[in-house]
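Visitor: Please take one side chain in this model and go through its surroundings closely. After that, carry on to some other places in the chain, with the cut-offs stated as you go.

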Amino acid sequence: MLFIDFSINGIILLGGLFLLLGVLMTRISARAGVPSLVLFLIIGMILGSDISGLIYFSNAEIAQMVGVVALIIILFEGGLQTQWKNIRPVLGASVVLATLGVLITTTVVAVVAYYILDIGWLEAFLLGSIVGSTDAAAVFSVLAGQNIKAKISSTLEAESGTNDPMAMFLTIAFIQLIMIPDSSGWTMFGSFLLQMGLGAIFGVVLGYVASWTINRIKLDASGLYAVLAAGFAIFIYSSTAILGGSGLLAVYLAALVIGTRELTHSHSIISFHEGFAWLMQIVMFMLLGLLVFPSQLVEWELIWKGLVLSLVLIFIARPIAVFISAAFFNYSIKEKLFISWAGLRGAVPIVLATFPMLAGLENSFLFFNFVFFIVLTSALLQGSTIPFMAEKLSLNGRPSPKRIHSLELVSMDRANAEMLEVVLSEKSPFAGQFVQTIGLPKQTLISAIIRSGRLVMPTGTTKLRVGDVLYVLTEKKQVSKVKMVFGEEDILD
């Protein structure tokens, strides 16, 4: 058994090692083609008491709290990065997948669990509920950088961002039914409608409030705007949850609203939350790895039963849910197959698995081990083969155009000016054209072009190329017009 000094300095040292290992693991995962969440979990397991004996951690309450906070940040960052013009056409299908799809997946897994685990129906449905939803952290990280058709990637992102409330509601509902058998089903259904309704209303309204505040308030440092946005994310979740709504749904919808609004200091806000989301992923998955005792995962009975549940979830439950949910929407067979395959499980099921533990239910620790096994299987088998499946099903698309960012400088904040960063994609009408042909608004200037890593000082006769990064200096009031000229953003105002 190893020994670690848990003084203040020792804890700080351990935290630093966690972060260093986590960042290094992202490089290894990229080269090995394995989702980073798997490596984060493995690091947590190695540092735990069963293997290295370095850390003993068994506090499910702390793990749940950290997991929920991490999900808030991850969902918020995912919503900020999601473009409404891509989500809007697939919103109906995504909502059906996030509700009916989760219910179908839960039911299929529950039937199998009932017969192979020798448990009651309520416990079987509880286990099905825990693994019923896809995971936003896993889906966002695995799809990032993949040239998958926008329709498919947007469907998966919207589904994973909105199906957590359904899984959480079902998990809590079945825990209540187990503990209080005479609970009213109609009361629970009413509670579900209330949670979803309040979550949607608070998310949209507070999203507009947050974007309005960010644009109107004057702060001394641009970095404070990112902190302000993070504060709004946590406030939106907590206030909605306290009032009986779905906080996770509210956070994601608020981020969608904020991301589609004309936002000052957007580059700082998005960059900050991208790093913040990675930090929370590292902390969350490592902590959840610490909560697992690997010696309990190598038992033969858990392995074969867990493998059966995993295979049923991946090859039967998820495809049935997708094909039924998407039956009334315009998806091809290949697209449905890929959506079925890309339904990754990750942090959400593991966090939900702590709910029965805190409720003191029988078999709760056994459920946690099964869920952990299912998540590892899903991440390794599905997560590592997403690019392969997209290629085999011919669902690779063109690289999506990057959104136009505002680059904020301290001096510009007082001069009422902004520098926009625009990447010319293959779809841009100005690729191959001269600078002087662009009809930019008054008081607007292309001040620099970065081409293949080199600086090009533009003149009117400079010919633009695909991949050029344009830095456009303009007045703040002209930002919307500039973005409309380049045609890479829908203006919803």
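Guide: The side chain of R451 makes a polar contact with the side chain of D468, at 2.7 Å. A polar contact here is a pair of N or O atoms within 3.5 Å; within protein, one must be able to donate a hydrogen and the other to accept it, and residues adjacent in sequence count only if both atoms are side-chain atoms. The model is predicted, so local features need pLDDT of at least 70 and side-chain atom pairs count only at pLDDT 80 or more, while totals for chains, interfaces and linings use all residues. Residues are numbered from 1 along each chain as its sequence is written, and side-chain values use heavy atoms, with hydrogens and water left out.

The R451 side chain also reaches a backbone atom, the oxygen of K463, at 2.7 Å. R451 belongs to strand β3; helices (H or I, at least four residues) and strands (E, at least two) are DSSP runs, numbered from the N terminus. R451 counts as buried because its relative accessibility is 15%, where buried means under 20% relative accessible area, exposed over 50%, and partly exposed in between (1.4 Å probe, protein chains only). With neighbours within four places in sequence set aside, R451 is in contact with V456, T462, K463, L464, R465 and D468; contact means heavy atoms within 4.5 Å.

I450 also lies in strand β3, which covers residues 444–451. I450 has 28% relative accessibility and therefore counts as partly exposed. Beyond four places in sequence, its contacts are L455, G467, D468, V469 and Y471.

Elsewhere, T106 sits in helix α5 (residues 91–116) and is buried, with a relative accessible area of 1%. Its side chain reaches the backbone oxygen of G128 at 3.4 Å. G128 is also one of its contacts beyond four places in sequence, together with F125, S129, G132 and L170. S129 is touched by L352 too, as are I130, A167, M168 and T171, not counting residues up to four places away in sequence. L352 is in helix α16 (residues 347–352) and, at 1% relative accessibility, counts as buried.

Now the helix pairs. The axes of α5 and helix α14 (residues 300–325) come within 8 Å and cross at roughly 145°. Axes are lines fitted to C-alpha atoms, for helices over the stretch in contact, and angles run from 0 to 180 degrees between N-to-C directions. The crossing of α5 and α14 is right-handed: a crossing is left-handed if the near helix is turned anticlockwise from the far one by less than a right angle, and right-handed if clockwise.

Helix α3 (residues 60–81) packs with helix α11 (residues 223–242) at about 120°, their axes 10 Å apart. This makes α3 and α11 oblique to each other; angles under 35 degrees count as roughly parallel, over 145 as roughly antiparallel, 65 to 115 as roughly perpendicular and the rest as oblique. Their crossing is right-handed. V68, I72 and F76 of α3 meet A229, A233, I234 and Y237 of α11.
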